[in-house]
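The sequence and model come next.

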Amino acid sequence: MELEFPDKLFIKGFIATNRWNINKALGQNFLVSKEIAKKIVSFVPNGVKIIEIGPGFGAISFFLKDVASLYIGIEKDKGLFFFLKEVYEAYENVWIYHTSILDFPLEIYAYDKRVYVIGNIPYNI
């Protein structure tokens, strides 16, 4: 799958083509502005490790993959997990996990000062 920024039109097309639905129980909300995604990433220093909680369609990871020495995406939604795995399979510095952030062993990175945790965290966790 070719990598493209997941704007509103892309997401609508994905939903229609894949018969996938937004899961309100997961508190899903998707960033669709390229400018806002770039602005968020502009605060991240080059060469750090990034853990993103709920990357969704990858609006932020689209830019983070080029800034981070290691990007770890934690996606609970199975459909989005498989989507992200396929989209980022060619990038060695991108790791995508299918789990809840509540089950991910964050303590592994607790003493690494070059790790940033970001995400649009749902209210329900």
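Asn93 is buried, with a relative accessible area of 18% (buried means under 20%, exposed over 50% and partly exposed in between, with a 1.4 Å probe and protein chains only). The model is predicted: local features need pLDDT of at least 70, side-chain atom pairs count only at pLDDT 80 or more, and totals for chains, interfaces and linings use all residues. Residues are numbered from 1 along each chain as its sequence is written, and side-chain values use heavy atoms, with hydrogens and water left out.

Asn93 sits in the loop between α4 (78-87) and β3 (94-98); helices (H or I, at least four residues) and strands (E, at least two) are DSSP runs numbered from the N terminus. Leaving aside residues up to four places away in sequence, Asn93 touches Lys65, Ala68, Ser69, Leu70 and Tyr71, where contact means heavy atoms within 4.5 Å.

| Side chain | Backbone atom | Distance |
|---|---|---|
| Asn93, polar atom | Ala68, oxygen | 3.0 Å |
| Asp77, oxygen | Gly79, nitrogen | 3.0 Å |

The Asp77 side chain caps the N-terminal end of α4. The buried residues of this helix are Leu80, Phe81, Phe83, Leu84 and Val87. They lie on the same side of α4, because they cover an arc of only 165° around the axis, taken from the directions from the helix axis to the C-beta atoms. These residues pack against α1 (8-18), β2 (70-75) and β3.

Note on methods. A polar contact is a pair of N or O atoms within 3.5 Å; within protein, one must be able to donate a hydrogen and the other to accept it, and residues adjacent in sequence count only if both atoms are side-chain atoms.
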